[in-house]
Amino acid sequence: VWAGGTEAALYHSLDAGAHWARVIPASQSATLSGDILSLEFADAQNGRISTSTGEVWTTVDNGQSWKKQ
């Protein structure tokens, strides 16, 4: 389960929400900023985040690493 919110708050749960871990996407010198407007996973590996600052971030490894587009 993934959840996103204001001020780049991104959380991931491996146990259906019983426990949560904060995730801070970073790529080179950039880090996720703004409010998370959409968080979509096409499947377990491939995800995309869009933020209020116009950023788009993607992952191809279930959120282990993120790339700013």
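Modeller: Let us begin with accessibility: buried means under 20% relative accessible area, exposed means over 50%, and partly exposed lies in between. Please bear in mind that this is a predicted model. Lys68, with a relative accessible area of 36%, is therefore partly exposed.

Biologist: What does Lys68 meet in a salt bridge?

Modeller: In general, a salt bridge is a side-chain nitrogen of Lys or Arg within 4 Å of a carboxyl oxygen of Asp or Glu. Here the side chain of Lys68 pairs with that of Glu55, at 3.6 Å from N to O. Glu55 belongs to the loop between strand 7 (47–51) and strand 8, and Lys68 to strand 9 (residues 67–68), so the pair ties together parts that are 13 residues apart in sequence. Glu55 is buried, at a relative accessible area of 10%.

Biologist: How many salt bridges does a search of the whole structure find?

Modeller: The search finds one.

Biologist: Is Thr59 buried or exposed?

Modeller: Thr59, part of strand 8 (residues 56–59), has 3% relative accessibility and therefore counts as buried.

Biologist: Which polar partners does the side chain of Thr59 have?

Modeller: A polar contact is a pair of N or O atoms within 3.5 Å. The side chains of Thr59 and Asp61 are joined by such a contact of 2.8 Å. Leaving aside residues up to four places away in sequence, Thr59 touches several residues, including Phe41, Gln45 and Trp66.

Biologist: Which residues other than glycine have a positive phi?

Modeller: Ala8 is one of them, with a phi of about 60°, and Ala16 has a phi near 60°. Ala8 is found in the loop between strand 1 (2–4) and strand 2 (10–12), while Ala16 lies in the loop between strand 2 and strand 3 (21–22). As to accessibility, Ala8 is buried, with a relative accessible area of 9%, whereas Ala16 counts as exposed, at 71%.

Biologist: Which residues make the nonpolar surface patch?

Modeller: For a patch, the residues must have over 30% relative accessible area, and nonpolar side chains are joined within 5 Å. Val1, Tyr11 and Trp20 make a nonpolar patch of about 290 Å². Tyr11, found in strand 2, is partly exposed, with a relative accessible area of 32%.

Conventions:
Residues are numbered from 1 along each chain as its sequence is written. This is a predicted model: local features need pLDDT of at least 70, side-chain atom pairs count only at pLDDT 80 or more; totals for chains, interfaces and linings use all residues. Side-chain values use heavy atoms; hydrogens and water are left out. Helices (H or I, at least four residues) and strands (E, at least two) are DSSP runs, numbered from the N terminus. Buried means under 20% relative accessible area, exposed over 50%, partly exposed in between (1.4 Å probe, protein chains only). A polar contact is a pair of N or O atoms within 3.5 Å; within protein, one must be able to donate a hydrogen and the other to accept it, and residues adjacent in sequence count only if both atoms are side-chain atoms. Contact means heavy atoms within 4.5 Å. Patches are made of residues with over 30% relative accessible area and no salt bridge: like charges are joined within 9 Å, nonpolar side chains (Val, Leu, Ile, Met, Phe, Trp, Tyr) within 5 Å. Accessible areas come from the Shrake-Rupley method with a 1.4 Å probe; for residues, only the protein chains shown count as cover.
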